[in-house]
Amino acid sequence: MRIEKRLDQEKETLLYSALHKVKNSPGPLMPTLQEAQRIFGCVPIEVQKIISYELNESIAKINGVVTFYSQFSLKPKGKNSISVCLGTACYVKGSQGILDAFEDELKIKNGETTKDGKYTLEATRCIGACGLAPVFSVNERIYGRANVQKAKNILKTNPETKES
Amino acid sequence: MSKLVEVTINDKTYNIPEGHSILRACEENGIIIPRLCFLDSIHEDGNCRLCSVEVDQQHNLKPACKTIVRDGMNVVTENKRIYDYVSTNLELLASNHHFECFKCSREDNCEFLDLLRRYSILNEYSDLYGYELKQTQLNNSSDAMVIDSSKCVLCGRCVSACEKYTGIGVLDFNKRGNKTYVGPAQFRGLEDAGCIYCGKCIQACPTGALREQDDIKVFERAVRDPSKTVIVQVAPSIRASLGEEFGYPVGTNVEGKMFAALHLLGVDEMIDTNFAADLTIVEEGSEFLDRVQNDGVLPMFTSCSPGWVNYLELYYPELIPNLSSCKSPQQMAGAIIKTYYAERLQVDSKDVVSVSIMPCVAKKAEAKREDMGRDGYQDVDIVLTTRELARLIKRRGIDFKNIQPMEPFGDLATYTGAASIFGVTGGVMEAALRTVSEMLDSEAKLIEFKEVRGKENMKEATYHLAGKDINIAVVHGGVAIKEFLEMLKTTDKEYHFVEFMGCIGGCINGGGQPIVKAKDFERIDVIKERSKVLYTMDSKSILRKSHLNPAVQKLYSDYLNKLNQHDLHNLLHTHYKARTAYSEYIE
């Protein structure tokens, strides 16, 4: 099998050992993809090709699963993920403005990753913290009663970089 | 005889065999239920919900295609509630469909349009404020096929057809919700997605979301260009299926009318691909004999079906040495047209437009292959599918049913019975055996090799020729091909000659053939009816062995035998190269 873009050798070995573990169990695709996402930080077509070959599933089908679930991504995600809630309560309280502020500050659009790979910006549905609306989160940490200024300040304080 | 159950449908009682779905029970008893996504034994997921019916006065409507009849069941198929429900579903589907009916490939047999008309759909949602129409995503970079996702209604028939007919699964649903689209992963071009262009998805599509690359306009301009000589060739299986587009029953031979229609379309010369099929057999037969006698690579695989050639190049490139180096009949005919025939007509090869009418989508890509031409021109310039020819005839307003049948007037139109059965699975093998058996053993009187006929997707036989047992096999359809090639790796049995075809049933069921609507697909055995035409032609013909074709013999003595070995090889033989799917890296 020929792969145009060389994958990281170490990560590829990890993927193969993960594949070996689940290969013969029923429904091996989802656990494999979860592992692949963890190992590579994304599931690009080169990785899908390996999985397709090993699990005997078509690439189209694998890509279908990858693009269906938001937990998988085709491009690497940034080290920190910023999610702005656009659920009804937060939206009414102006979370769109916060999202716009992040877009302006980071110079990326919703769903994209900054060039230095530091931040990924995403709009999410309700995260169940409507009492604190509007809400956004950086990695696992949630910031309530937010406003545009707060969002900008957070970026200035340079939130901790997640080890990966 | 299976057990019968008593079912009440619309206040009338019927006895229905156990295990039937409500949809099947109704259709067999003449009750019409609207349906869109259901394709018998191919796609039975029940996701369009247009066949919804009321069962036992339950609150929720049930999909008739998925609900199995039960004794004492009470079904209502038609009332105001169901009518409104189906109408709403259709309105929603229509609101996300890009209507371009004037240029759609399904201009007169669109299953979706039929339903919209039947339910008087107003398409009022797509004009609503704030409604986002699906973005047009056009996948048209391949030479053979186009996916237009804006016309897709996401019924999933093509996805299942690709999976079940070829076993490859090139198409699938991508993304989710209102962003869902059907196509290869990341909507890569089909040429890079491992597609073999069998066209089964086109035939499964109820709308015009999948179609062949349309070459009608190119043809129309060529026949109007006085400086060009348009020479057309017609594949063996076109005459067995073209009639269906004009209301003839499946399995009608329209050879005469087909040539008459081509004449009215304004082509200059007509030849028959059947002639080239005879030529192929002579070349392929000699190649096979050469391999048997000189310890060449065996088993030898036939190379007539471009879908199959694509399959081998993509998925089993290690077996390329087994593939016959002969070009397919289309390309042989093209090569002869541009050289020998152009010379005889005293026109420059560059002024000849070589057109082929094919039952196949993959032929479009085959004609564009690198080594299928010389001196800067391709041997075949335009490939039209059966459907495109039918569209062309209709658009020109030719009254197909009432034209006088005609014989082709190019003299490369003589053919033997062996050539006519090229369009059926087992046909190439049978034709080859007729010639090879006589080459090996001049006493051989065998003409009909019945073991290679029929619909089973893998057929095997052994013939004793000139003191040697020759093991042959006939395989068709992607799933069977894979099964056979995997088996070949492990088996001890020695095969000598194997015929492969990319489509189940062969060319008569090719991806470029007229589309049979889902409803007729269940009732009529299309493959059987169409192949009957070709076998009848064969049994009626006087000459039934390819090498006895006088025109082929004349071609060899007048032209081919005078060429040097190298030129002859370039003219009638080709090369293959290994390919991989998703090979391009896109950032």
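Two strands are taken to pair if DSSP finds at least two bridges between them, where strands (E, at least two residues) and helices (H or I, at least four residues) are DSSP runs, numbered from the N terminus. The model is a predicted one, in which local features need pLDDT of at least 70, side-chain atom pairs count only at pLDDT 80 or more, and totals for chains, interfaces and linings use all residues. Residues are numbered from 1 along each chain as its sequence is written, chains are lettered from A in the order in which they are written, and side-chain values use heavy atoms, with hydrogens and water left out.

In chain B, 3 strands form an open antiparallel sheet in the order β6-β7-β10, with β6 (138–139) and β10 (210–212) as the edge strands, each pairing on one side only. Strand β6(B) is joined by 2 bridges to β7 (residues 145–148), and B:N139 has B:I147 of β7(B) as its bridge partner.

Turning to chain A, helix α3 (residues 45–55) is largely enclosed by the rest of the structure, because 10 of its 11 residues are buried (under 20% relative accessible area, 1.4 Å probe, protein chains only). Among the buried residues are A:I45, A:V47, A:I51 and A:L55, and what covers the buried residues of α3(A) includes α1 (9–22), α2 (29–40) and α4 (59–68) of chain A. Just after α3(A), A:N56 takes a positive phi of about 60 degrees.

The lining of the second largest pocket draws at least two residues from each of α3 and α4 of chain A and α9 (306–315) and α15 (478–490) of chain B.

How values were computed
Buried means under 20% relative accessible area, exposed over 50%, partly exposed in between (1.4 Å probe, protein chains only). Contact means heavy atoms within 4.5 Å.
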